[in-house]
Amino acid sequence: MPRIASFPPAIPPGPRALVLGSMPGIASLRAGQYYAHPRNAFWPLMQALFAVPSQAPYAVRLAALGEAGVALWDVLAECEREGSLDSAIAPASVAVNDITGLLANHVGLRVIALNGGAAARLFDRHVAPALGSRLAAMRVLRLPSTSPAHAARSLMEKADAWAALSAALRAPEGERACA
């Protein structure tokens, strides 16, 4: 089984939210870009939420997302996986990104948006226990996967759920909620 590695975090100046995926799929790894699969709903959702031009060059999309205060990363730094499905990740092979360190270096981050069930499970198992009191001060949003493999929800249903991210960024400082 091949060992794959995630990307460095895409962190804008003054991030307020961190979107965490599990591990990039094959299309993203080949392109060297977050959410590169043409049927992934992530960029269309970011266009709807934050006016990020979903068809613009990658650097333009990242800059526009950064202007909205949103950073990107994955829970996993490395793992062994055949194909792109999260269900194919070999559990014993996972190496977790230093999300605790990232949060310590970016104290303005107050929202964590977990992109899909696998990201949420990996976060709960490997990251949340290490965050301690920092987690209590965060909003943690468990959102449906934007992956084309997650076809159980329509784009409209995903958009309704992901609206929690923009709402969390508009909420008064200090207000915490889990979704």
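Helices here are DSSP runs of H or I with at least four residues, strands are runs of E with at least two, and both are numbered from the N terminus. With that settled, look at the end of helix α3, residues 58-67. The helix is followed by Gly69, which has a positive phi, near 85 degrees.

A word on the source. This is a predicted model, in which local features need pLDDT of at least 70 and side-chain atom pairs count only at pLDDT 80 or more, while totals for chains, interfaces and linings use all residues. Residues are numbered from 1 along each chain as its sequence is written, and side-chain values use heavy atoms, leaving out hydrogens and water.

Back to α3. Which of its residues are buried? Buried means under 20% relative accessible area, exposed over 50%, and partly exposed in between, with a 1.4 Å probe and protein chains only. In α3 they are Tyr58, Arg61, Ala64, Leu65 and Gly66. These buried residues pack against α2 (42-50) and strand β3; contact is taken as heavy atoms within 4.5 Å.

Next, β3 itself, residues 70-74. Of its 5 residues, 5 are buried, so the strand is largely enclosed by the rest of the structure. Val70, Leu72 and Asp74 lie on one side, Ala71 and Trp73 on the other, and both faces are covered.

Two strands count as paired if DSSP finds at least two bridges between them. β3 pairs with β2, residues 17-21, in the parallel sense over 5 bridges. Within that pairing, Asp74 of β3 is the bridge partner of Gly21.

Finally, the whole chain. It has 7 helices and 7 strands. From the N terminus on, they run β-β-α-α-α-β-β-β-α-β-α-α-β-α. Of the 179 residues, 47% count as buried. Among contacts with a separation of 6 or more, 71% come from residues 24 or more positions apart. Along its principal axes, the C-alpha trace spans about 45 × 35 × 30 Å.
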